Structures are given as structure tokens and as C-alpha cells.
Amino acid sequence: MSLHSATTSLSSLISPDIAAHPPQNAAPLKLGVMASGSGSNFEAIAQAIADQKLNAQVNVLLYNNPGAKAAARADRWGIPAILLNHREFASREALDGAIVETLQQHEVEWVIMAGWMRIVTPILINAFPRRILNIHPSLLPSFKGNRAVEQALAAGVKITGCTVHLVVPDVDSGDIIMQAAVPVLPDDTLETLHDRIHVQEHRIFPQAIALAASQLSNE
Ligand code: GRF
């Protein structure tokens, strides 16, 4: 078996490809996406929607770093991008209050943290109970927090991956919705490994949003 097919089957085992959800004739999920940097996961979600693999709409992109590439991606998709620069807020709670207000103004139902590099507070979490998803570049509960890919390399694990989970006050600790595995290769660098994790993130994040909505919407 080639490494490529081994990688594919390993990932499929843990998170099989699933059909489009919710059904295209149901009301689209109203998403608000939060991103701090490149926004490639945001773009994968927008693309999955355009490809009718995810029945949703992105009502707004929030970003906290001026010049974040995510904002330029939003412009290209015609999605409103709003800067909430954390440096201009007195506290995490003040920032989160502004985030909640903006998400509510845009009638967001599901909050998608796609590379949001700030710790969030109960102000945000309690405004969208069990409706906030985050993606993390490890197989949680291994390698929580910053530098998860670096931590995996340093630990010498042979398999790492990515996790989509519900956001709770403890960082990287909420219920796991979906995971994909990525083998660590002998000559991997931080960049090569993170690139392969990104491929799996882009694959599972839209699926995980659909799965969470179908499993949790009746709560
Ligand atoms: C991803 O690896 C995600 O797991 C982590 O931050 C990165 C964001 O990448 N939380 P991008 O901005 O979506 O390209």
C-alpha cells in the first residue's frame, strides 16, 4: 500500500466522508466564522457551501488582526468581514461582548472558530451554548494549547491529526465532534506536517459542522 493510500484510508477510518447535510431543501445553517490569520479553513467552508456539500451560509467573518489574509478571502467570496482588534479592548470579556453583539446583529446560529487564536470567555460561550465549534491541529486530548504541531513533533508520536470540538471554558476540552489522523513522517518539519494536517482540516471541518448541526440542533 502506498503512503498516500495509507494516509487516505487511515483518515477515512476515523472520519468517513459523509453526504451533504443538512439536506439541501432544509433551511441553510447561518454561520459566523472567526479567524485570526490565513483563513484557509474559512475558505474550505465557503467552498464546501458553494459546492453544495454543506447546506449553510456564512453571514459574517470576524477577524482580530488587521491585515489577516482571512479578510481578503472574505472579500473575494462577498462575505462581510468585520475587524474586532483585541488590542482596542480593555479585557477579554469586553472583546467577547463585542463579538456576541456582532454575531447577533448578523443573525448567526453557529459560531465557527477557524484559527481564532484568542482564548474566549463565558461571555461568548454562554451566548451560544453548544453552538460554537473550534478546530485544533492535534488528536485531542493530546497536545492542547498553542504549538500543538510542534508538541507532536517533539513528542515523537507517529500519528497526529486534527479535531473539531465544541468550545467550553477549558481550552481545547469540549465534546469531540470529528477527528482525522495524519501520520508523522521521519523527515517532517513543522511546515510539512502542518500542511498535511491542514488538508485533513479542510476535509473534515465542513463535515463536522453538518454533523454537529444534525446531532445537536434538537437540544
Ligand atoms: C489551523 O491549523 C487550526 O487547527 C488552528 O489554526 C490553524 C488555522 O489555519 N487552530 P487557517 O487560518 O485556517 O489557515
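Student: What is the mean pLDDT of the chain, and where is the pLDDT below 50?
Tutor: This is a predicted model, in which local features need pLDDT of at least 70, side-chain atom pairs count only at pLDDT 80 or more, and totals for chains, interfaces and linings use all residues. Residues are numbered from 1 along each chain as its sequence is written. With pLDDT being the predictor's confidence in each residue, from 0 to 100, 89% of residues reach 70 or more and the chain mean is 92. The stretch with pLDDT below 50 is residues 1-9.

Student: Are the residues of strand 5 buried or exposed?
Tutor: Strands are DSSP runs of E, at least two residues, and helices are runs of H or I, at least four, numbered from the N terminus. Buried means that 20 or more other C-beta atoms, placed from the backbone, lie within 10 Å of the residue's own. Ile132, Asn134 and His136 point one way and Leu133 and Ile135 the other. Five of the five residues in strand 5 are buried.

Student: Which residue in strand 6 is the bridge partner of His136?
Tutor: Strands pair if DSSP finds at least two bridges between them. Strand 5 and strand 6 (residues 159-166) run antiparallel, joined by four bridges. The partner of His136 is Thr163.

Student: Which residues come nearest the ligand?
Tutor: A residue is near a molecule if its C-beta atom, placed from the backbone, lies within 6 Å of it. Helix 2 (40-50), strand 5 (132-136) and helix 7 (190-216) each supply at least two shell residues. Of the 14 residues around the ligand, the nearest are Ser38, Ser40, Asn41, Gly115 and Pro137.

Technical notes:
A residue is buried if 20 or more other C-beta atoms lie within 10 Å of its own, exposed if 12 or fewer, and partly exposed in between; C-beta atoms are placed from the backbone. Two residues are in contact if their C-beta atoms, placed from the backbone, lie within 7 Å.
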